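Here are my notes on the model, point by point. Please read them with the structure open.

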Amino acid sequence: MRGNAEMHELVAPGSLGAVLDLLAAQPGAWTPIAGGTELMVAFSAGRLEAHKLVSLWGIPDLRAIEVTPAGVTIGAATTFFDLRKHAAVNAALPLLAKAASWIGSVANQSRATLGGNLVNGSPAADSSPVLLTYDAEIETISLRGRRKVPYSEFHTGYKRNVLAADELLYAIHLPRRFARHRQYLRKVGTRRAMAISKVALAATALVERGVIAEIRLGAASLAPYPVRLKQTEAALLGQAVTRETVLAARRALLAEAQPIDDIRSTAEYRRRVAVNLLEEFLLELRREGSQP
Amino acid sequence: MKANGGKTPDGSWPAIRFTVNGESRSVCVPPMKRLLDVLRENLHLTGTKEGCGEGECGSCSVRMNGELVNSCLIPVLQAEGAEIQTVEGLALDGELHPLQEAFLHHGGAQCGICTPGMLMAAAQLLANSPHPSEAQIREGLAGNLCRCTGFIRIFESVTAAASASDTDPAQEPLLEQTNHAR
């Protein structure tokens, strides 16, 4: 069943203020659409439920990257191509540039936005593990004002998040304090381009005086939404990276991960790959330490 | 908002304007109509093909404001004011684009369905990297699926086009040698 364009209303108010007015006037009636790489797939297939859509494409406030000594702020409608070609993002947030370069294809990256990736809320989202390990903060906006939420608290369930009906995801804030951390990102899928992750792991860690002083692990496809692996982190924090620590971390991850069988992979495969990715990172950490 | 889905009082759709291959165009269609369908059905530019209709195969690739996009994923309202280039805009005054020449001479096209998208992705690649490495070519075309050629001839065509665009004549004998050797 093909989508019928006449069945869907699409407006492009052109400014952030006008979009917020519309969302406030009829909360929940309008579905924001940015680059369309998710919603237009549903539309083409005739399964787009939203009948009233408001375009966020071409609104300058939402497509901007601001770099300060303390951090990088990324407008929600910044594309993955914008991110991967941005010098400061590459220098300060190398894992984010890498994740951006892995998303879909060049044509997808020209349209797909960071905010769209988060709001869509796929458990396999490519940018999410990285944002979790970089301690990202989400800024939302509505006519009622702005608020900030740690990204680790943004998703509240499968494809659910904290946004209210009149709110937009406005920006993603990333602190610049991971230069001394060892950083890791690996995505496992069927092929390098176009493939959605079977499982992905991002990590940042700092080793001080021979023990892990800080560690953040962000995972895709190990839970109903992208998550920090807090229990696994707890098993590693304060430990020297020994064989025993690695084994304990593997056990903690096996207990913590809740992967499922689906079209792309099996829970068993995802569990095995996840612990191997974790071990790969920990062995790197043991071999090279942090502070590259 | 109007209850009639955004139509004007006389029941038609408001005009959406953009530029295609250097020409100003205006269409009165539902704003959610896909750019792909507008190009093919309203502007009769049928060079752009539909493959998967979900942004996976790249056969509907066009260039919009200097970026490569899948036209099946773009509601035409989001193309308002944009500069669009389709495969029909590659040749200049009847002269094939170097990429088209190269695809012709190096067996880069077989059944032809993927070819317009491949050409546009390759044109985008060469616009960003005039002398792409093999890895860059593979990445630049990774979103374009071909089920005939096995891709190698396509990669060779792009390499040849990049070399052919060199003004340095010293490059040309090398290219000739490569071709003869095969």
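1. Start with B:Phe151. With 18 C-beta neighbours inside 10 Å, B:Phe151 counts as partly exposed. Buried would take 20 or more, and exposed 12 or fewer. Bear in mind that this is a predicted model. The residue sits in the loop between α4 (134-140) and α5 of chain B. Its phi is positive, about 75°, although B:Phe151 is not a glycine. Most residues other than glycine have a negative phi.

2. B:His44 also deserves a look. Its phi is near 55°, again a positive value in a residue other than glycine. Is B:His44 buried or exposed? It counts as exposed, because it has 8 C-beta neighbours inside 10 Å. B:His44 is found in the loop between α1 (35-42) and β3 of chain B.

3. Next, the overall make-up of chain B. Chain B has 6 helices and 5 strands. Along the sequence they follow the pattern β-β-α-β-β-β-α-α-α-α-α. Of its 182 residues, 45% count as buried. Take the contacts in chain B between residues at least 6 apart in sequence: 55% of them join residues at least 24 apart.

4. Chain B is divided into two parts, domain 1 (15-89) and domain 2 (98-175). Their C-alpha centres lie 22 Å apart. The contact takes 13 residues from domain 1 of chain B and 12 residues from domain 2 of chain B. Which strand gives the largest share of the domain 1 side? It is strand β3 (residues 61-64) of chain B, with 3 residues. By class, the domain 1 side of this contact has 5 nonpolar, 6 polar and 2 charged residues.

5. Now the helix pair in chain B. Two packed helices are described by the angle between their axes and the distance between the axes. The axes of helix α2 (residues 98-105) and helix α5 (residues 152-164) of chain B come within 8 Å and cross at roughly 135°. α2(B) and α5(B) are therefore oblique to each other. The crossing of α2(B) past α5(B) is right-handed.

6. Which residues make that helix contact? From α2(B) come B:Pro98, B:Leu99, B:Ala102 and B:Phe103. From α5(B) come B:Ser157, B:Ala160, B:Ala161 and B:Ala164. The contact of α2(B) with α5(B) has 7 nonpolar residues, 1 polar residue and no charged ones.

7. On to the interface between the chains. Here 29 residues of chain B are in contact with 26 residues of chain A. On the chain B side, β4 (67-70) and α3 (115-128) each supply at least two residues. β4(B) gives the largest share, 4 residues. The chain B side divides into 13 nonpolar, 11 polar and 5 charged residues.

8. Chain A is divided into domain 1 (5-55), domain 2 (60-175) and domain 3 (182-288). The C-alpha centres of domain 1 and domain 2 of chain A lie 19 Å apart. Their contact takes 14 residues from domain 1 of chain A and 17 residues from domain 2 of chain A. Helix α1 (residues 16-25) of chain A gives the most to the domain 1 side, with 6 residues. That side has 8 nonpolar, 4 polar and 2 charged residues.

Definitions and conventions: Residues numbered from 1 in each chain as written. Chains lettered and ligands numbered in written order. Predicted model: local features only at pLDDT ≥ 70, side-chain atom pairs only at ≥ 80, totals over all residues. Domains from an automatic or database assignment. Contact = placed C-beta atoms within 7 Å. Nonpolar A, V, L, I, M, F, W, Y, C, P; charged D, E, K, R; others polar. Axes fitted to C-alpha atoms, helices over the stretch in contact; angles between N-to-C directions. Parallel < 35°, antiparallel > 145°, perpendicular 65-115°, else oblique. Left-handed = near helix turned anticlockwise from the far one by under 90°.
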